[in-house]
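Subject: Handover of a structure and its findings

Dear colleague,

Please find below the structure that I am passing to you. I would be grateful if you could read the notes that follow with the coordinates open.

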Amino acid sequence: MEKIAVIGAGVSGLSIAQCLKNKYRVKLFEKDTRPGGLIKCDVVDGNLYHQVGGHVFNSKYPAVLEWFWKFFDRENEFTKTPRNASIALDNGLMAGYPIENHVYMLGEKTIQAFIQDLLNLSKRENSTPDNFEEFLRIRFGNTLYDLYFQPYNEKIWRRNLKNVPLSWLEGKLPMPTIEEMIFNNFNHSKEENMVHSSFYYPKQNGSQFIADRLVENLDIAYNHAIETIQRHKNKWMLKGETFDKIIFCGNIKDFPTIFKDSLNISSFVEPIKALEFHGTTSVLCEIENNSYSWIYLPNRAYSSHRIICTGNFAVSNNSGTQHTGTIEFTDQMTKDDIIMNLAKMPFSPKYLTHKYTKYTYPIQEKTTKNLISDLKKEVEKEQVFLLGRFAEWEYYNMDAAMLAAMNLAERI
Ligand SMILES: Cc1cc2nc3c(=O)[nH]c(=O)nc-3n(C[C@H](O)[C@H](O)[C@H](O)COP(=O)(O)OP(=O)(O)OC[C@H]3O[C@@H](n4cnc5c(N)ncnc54)[C@H](O)[C@@H]3O)c2cc1C
């Protein structure tokens, strides 16, 4: 059997290793002491804490669902919950999500202004937006842009939305037509087309449960940060072992250094350095009991953009009757800043712990897809493959990372 080394035991590395383990001798190398990458969870004072986000699972890809449920007992190990997202507006109103379907909740003046926007938009000639701000204005009108889309997205992107590239949007957001928005408001429709309009969540241990199950029956070396990989005749050598193929599921920013002496990729070094990204500060809090799954926060008075009501995802996520939630801030925040912000936020969050993760959101520019695809072509000639959110610089959800792993496994 040929030998494959997989670098990184996040969802991508675990998935590809599971897909290939019967055809190859697969060994995983993970720099941390446990599997999971972004989906890792801890327990703090008896409460489940997602180190990043509040990972829930679902997929629009039947092949992914079929593959995933081979590892789990859906009925006994997971709950299925309908999404109950809400938007906390400045005036204290909790508006339905997505906002364009719930304008009927926003009061007479806003409804009138929105109707006028839709009439204006319907008379507009079709034009292609240049940037995110233009896209949002053309799609949803100025009223909703000012009320929600601008303040909310500026908190996420921490920049003027004119400077946010559009390339990342493809396939990521629903694109309702004017007719659909009118219909959904008249009809009080619920959003059913989003991947996470209902979601599965483990009854115990949050998303760590998923990683812990996917790592079973795999050969894995923890505490092994791969810093260099070298050529050894026609094979690859790392940590004293030789391999026929390498699947890299780490961060593309580290790739040129790791393969410095063994791959001719000098023309890629500068463009890779230039790739932009965001980090996340994820804060575990006690919050007032509520029935939401996510609460979106456009209010400019504080910098957090979302409360993920992780305490509502599973009974076992809370130590007592008080619910917990995970509050997200883009990029790094100090503990003092966090506490100052929490004091201004709805649902009276009380700080328990926080963690900053440097790489959480890859930012795609117009040229990113071509850059990665050219690099893949170059290194695949040498039996080196890129897979995962930061190896491919793709805005993957877990299921998309699994699909990418399944596709790569077919191709190898
Ligand atoms: C805030 C947030 C919320 C999210 N919510 C959801 C959600 O609700 N549902 C959903 O489906 N998806 C969600 N996602 C997306 C999901 O987290 C990712 O798709 C998925 O976890 C990516 O897995 P990965 O293996 O590609 O990358 P990672 O999770 O980053 O894994 C990479 C692994 O490689 C290891 N590694 C890196 N370099 C080396 C090296 N040199 N040597 C050894 N090991 C190395 C790392 O330690 C890590 O374990 C969310 C993402 C974020 C940021």
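This is a predicted model: local features need pLDDT of at least 70, side-chain atom pairs count only at pLDDT 80 or more; totals for chains, interfaces and linings use all residues.

Overall form

The chain holds 13 helices and 19 strands. Its radius of gyration is 22 Å, close to the 22 Å that the globule rule gives for 412 residues, so the chain is as compact as a globular protein of that length. Along the principal axes, the C-alpha atoms occupy a box of roughly 75 × 55 × 40 Å.

Of the 412 residues, 55% are buried. Among contacts with a separation of 6 or more, 72% are made by residues 24 or more positions apart.

Helix α5 and its surroundings

Helix α5 covers residues 132-140, and its buried residues are Phe132, Glu133, Phe135, Leu136 and Phe140. Viewed down the axis of α5, these buried residues fall within an arc of 160°, so they line one face of the helix. What do the buried residues of α5 pack against? Their partners are α4 (108-123), α6 (142-157) and α7 (178-187).

Helix α4 also contains Thr110. With a relative accessible area of 18%, Thr110 falls under the 20% limit and is therefore buried. Leaving aside residues up to four places away in sequence, Thr110 touches Val103, Thr143 and Leu147.

A buried glutamate in a loop

Glu394 sits in the loop between β19 (384-386) and α13 (398-411). Is this residue buried or exposed? Glu394 has a relative accessible area of 14% and is buried. From C-alpha to C-alpha, Glu394 and Leu121 are 32 Å apart in space, and they are 273 residues apart in sequence.

Backbone geometry to check

Most residues other than glycine have a negative phi, and most peptide bonds are trans.

- Tyr97 and Pro98 are joined by a cis peptide bond, with omega about 0°. Pro98 belongs to the loop between β7 (94-96) and α4.
- Asp45, which is not a glycine, has a positive phi of about 50°. Asp45 lies in the loop between β3 (41-44) and β4 (47-50), and its relative accessibility of 59% is over 50%, so Asp45 counts as exposed.
- Gln383 is not a glycine either, and its phi is positive at about 65°. Gln383 is placed in the loop between α12 (368-380) and β19. At 29% relative accessibility, Gln383 counts as partly exposed, because this value lies between the 20% and 50% limits.

With kind regards

Terms used: Residues are numbered from 1 along each chain as its sequence is written. Side-chain values use heavy atoms; hydrogens and water are left out. Helices (H or I, at least four residues) and strands (E, at least two) are DSSP runs, numbered from the N terminus. The radius of gyration is taken over C-alpha atoms; the globule rule is 2.2 Å times the number of residues to the power 0.38. Buried means under 20% relative accessible area, exposed over 50%, partly exposed in between (1.4 Å probe, protein chains only). Contact means heavy atoms within 4.5 Å. The arc is that of the directions from the helix axis to the C-beta atoms.
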